[in-house]
Amino acid sequence: MNGWIGRILRVNLTSGNITTEALDEKIAKDYIGGRGLGIKYLYDEIDPAVDPLGPENKLIFATGPLTGTGALAAGRYMVVTKAPLTGAIANSNAGGYFPSELKFAGYDMIIFEGKASSPVYLWIQNDHAELRSADELWGKDVITTTDRVIEQTDPEAKVACIGPAGENLVKFANIMNDKGRAAGRSGVGAVMGSKNLKAVAVRGTNGVRVADPAGFRDAILAAQKEFHDPYMSEVLAKYGTADVVEFSNEVGLLPTRNHQQGMFEGAAKIGGATMAAKYNLRGARKTKACFSCPLACGRVTRVPDGEFKGEGEGPEYESLGALGSACGVDNIEAVIKANHICNEMGMDTITAGSTIACAMELTEKRFIPKSDIGLDLKFGNGHAVVELLKQTAMREGFGNALAEGSYRLAESYGHPELSMTSKKQEFPSYDPRGGQGFALAYATSNRGGCHIRQEVHCLEFFGIALINIIETGGAIDRFSTEGKPQVVKDVQDFYCMIDSSGICNFIIIGSPDPNVFIKLMETGTGLKFGGLEGFLKTGERIFNLEKLFNLKAGLTYKDDTLPPRMLEEPMPEGPGKGHVVHLEEMLPDYYSARGWSDKGIPGDTKLSELGL
Amino acid sequence: MPKALVVDLDKCTGCRSCELACSFKHHGEFNPAKSAIHVSIFADKAFYVPVVCYQCNKPFCKEVCPTGALYASEANGAFVVKVDTEKCVGCKMCMLACPFGSITVQDDGFAQKCDLCGGEPECAVFCVPGAIEFKDMEESSLKKTRATAEKFYQQKEDSQ
């Protein structure tokens, strides 16, 4: 096989058996890798109704055919499992160096089954794979764990691990790799913790081959050329995604005080320029790249002294929004510290921040008695955010309630409507009232509230990215619902392909020409997709299989929704003033564009067309 | 002055595209373990050091080679030390001699080192941040001289 290695590692944690098996070529062709391959194996191997934190759930680490190649930003893997946060499909993606190292060791995918009787970690060195005791690593944070595992294995080993949050089954625990990169969302780290699997370390010295080396080289150079878009290669190079804070604020959709507002008076204080001026180790320039990435959006920050002293990776845009403006915090040092704590303890910054924001609103509205918290939980209290994050990771005190995510927290106090979630997963840092298309995308995302499984917001704001995938006839009005259902469907299907390829979607959104990506995939794997139409068809197959998984897991069309605040409370200020989401106008057309019934169930015609 | 591969540490982001470009060009596969260039990564401090063969004027690898497999050559205006695989016996003395770890013996049994891709180094082509360039060394030295001078100037300004 080209692109793919053609080999899967299967690790049964209950018995300790480790086996390898061939990757089925037909499955690889139909589901590509990463997100697609992950859902195919998960769907075939588990009952979607299982307890996500029970031994019957499986945890899949899946690379894509381009992972480990020199295609731009081709260093990603996808963690696929049933999510404890949502009860739906989870697919959490990360870059760094770990995913490509797994490929160089000779595996497309690892499937973890069962549950170890005591803490273990997996050490892979090319063909050799063994489970080792992790007794002395249990309880350690991500940084310490990573350093210790490298000491115990190989200086060149790359490590993915959980922190205390994953061990304590925090519903939004993540899996961190290379210390600063996160497979962040939906609680995949809690699944790893439930299996007593502390870490995976890998060292590989084999190569990845492609189908058409000369064509692939040309495709990389063409992609590089596309990448030289001024925003991608200059602005983001300077500030990383932190640059987006002030932009989102200007267009009026920066989540502020648990989405009660869309503009934050402290935006500049937590924006990219502030971070670059005082806290970025390298100032306003490219700082840290993932494997094979030309963009280098990563930032390494240091707060030199004071209460929030510390050093580490991030925060990027989503974390600045969730831990900053959503909590009303304009103290950048507190936000940086909060982000570092999430990384060290292994928690998703988006859900963590949004859950505290929800708790703040519940407290200010007196729905949570002060005695339950033990801290002055007012919007803007950065000290409280930092303290509560520590408690959450350890499930201590009020942290135990926060560890369940905002939906269960708000529900337990009788006000689930104050949880800013879809399918119980918190929104990223774009208020859906700021654009009808991405509001629909939030509501219909298979993994719940999410921006990166369909970056429709980029289309609605910038109008340039991915413009040729769909016939928009120019710029699209973000406040109009017209044509949005079809746009959302097509972009969702296209993103299924990006998420399955091993490439970072951040590179693709900078490119207005989908053929650049298709050429990389075809020359890399040797597959012929038959143009954009065939390419999207493969993506649609993946999307529909995830939907079937969710239906069997018990989700229904009633879960394709947004909280009442988005549907009924007009945005109070700014360019989005007066707008709500007109979901009921778009959803029927969206289902129909998908070939689904009015109850959101894929029809037989659609399923047989997709070979499902 | 002759050309050389010039590395600007301030521009390197640790993406390792150079390792991929090198192994792809010379081995037809993406494999950092087979690359002649390696990036040493200090990720916690956002500091990265691409280490490539420095093409020493008095190469230890060449001096120590018992079969005369290493020889001095020229590529597109640059001095380069190359491996003659007809003569190489894979004894690995060159690996011991090189202080930078820039020459290795590969699976095929022959010594491998940077040959500047015959004068168009692929690592430089694929380095988007521009940290690796194949250029006139004089230009690079003058830049450094200027940067140091600017620091002196700034100190003078600050003290006034």
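Guide: One term before we start. Two residues are in contact if their C-beta atoms, placed from the backbone, lie within 7 Å. This is a predicted model: local features need pLDDT of at least 70, side-chain atom pairs count only at pLDDT 80 or more, and totals for chains, interfaces and linings use all residues. Residues are numbered from 1 along each chain as its sequence is written, while chains are lettered from A and ligands numbered from 1 in the order in which they are written.

Visitor: Which residues does Ala199(A) touch, beyond those up to four places away in sequence?
Guide: Ala199(A) is among the residues that touch the most other members of the largest nonpolar core, which has 195 residues. Such a core is a set of buried Ala, Val, Leu, Ile, Met, Phe, Trp, Tyr and Cys residues joined through C-beta atoms within 7 Å. Buried means 20 or more other C-beta atoms within 10 Å of the residue's own, exposed means 12 or fewer, and partly exposed is in between; C-beta atoms are placed from the backbone. The partners of Ala199(A) are Tyr121(A), Ala134(A), Leu137(A), Thr145(A), Val149(A), Val159(A), Ala160(A) and Cys161(A).

Visitor: How many residues are in the other core, the one with Phe134(B)?
Guide: This core lies apart from the largest one. Its members include Ala4(B), Ala21(B), Cys88(B) and Phe134(B). The count is 41 residues.

Visitor: Is Cys450(A) buried or exposed?
Guide: Cys450(A) sits in the loop between α17 (436-444) and α18 (456-462) of chain A. Helices (H or I, at least four residues) and strands (E, at least two) are DSSP runs, numbered from the N terminus. Leaving aside neighbours within four places in sequence, Cys450(A) contacts Arg185(A), Gln425(A), Pro428(A), Tyr442(A) and Ser445(A). It has 22 C-beta neighbours inside 10 Å, so Cys450(A) counts as buried.

Visitor: Which residue takes a positive phi in the hairpin of β13(A) and β14(A)?
Guide: Strands β13 (residues 300-303) and β14 (residues 310-313) of chain A run antiparallel, joined by four bridges. Strands pair if DSSP finds at least two bridges between them. Val300(A) stands opposite Glu313(A). Six residues lie between the strands, and the one with a positive phi near 90° is Gly306(A).

Visitor: How far apart are the C-alpha centres of the two domains of chain B?
Guide: Domain bounds come from an automatic or database domain assignment. For chain B it gives domain 1 (1-52 + 118-160) and domain 2 (53-113). Their contact takes ten residues from domain 1 and twelve residues from domain 2. The centres lie 22 Å apart.

Visitor: How many residues does chain A give to the contact with chain B?
Guide: Chain B has five helices and eight strands. Buried residues make up 39% of its 160 residues. Chain B brings 22 residues to the contact, and chain A gives 25 residues.
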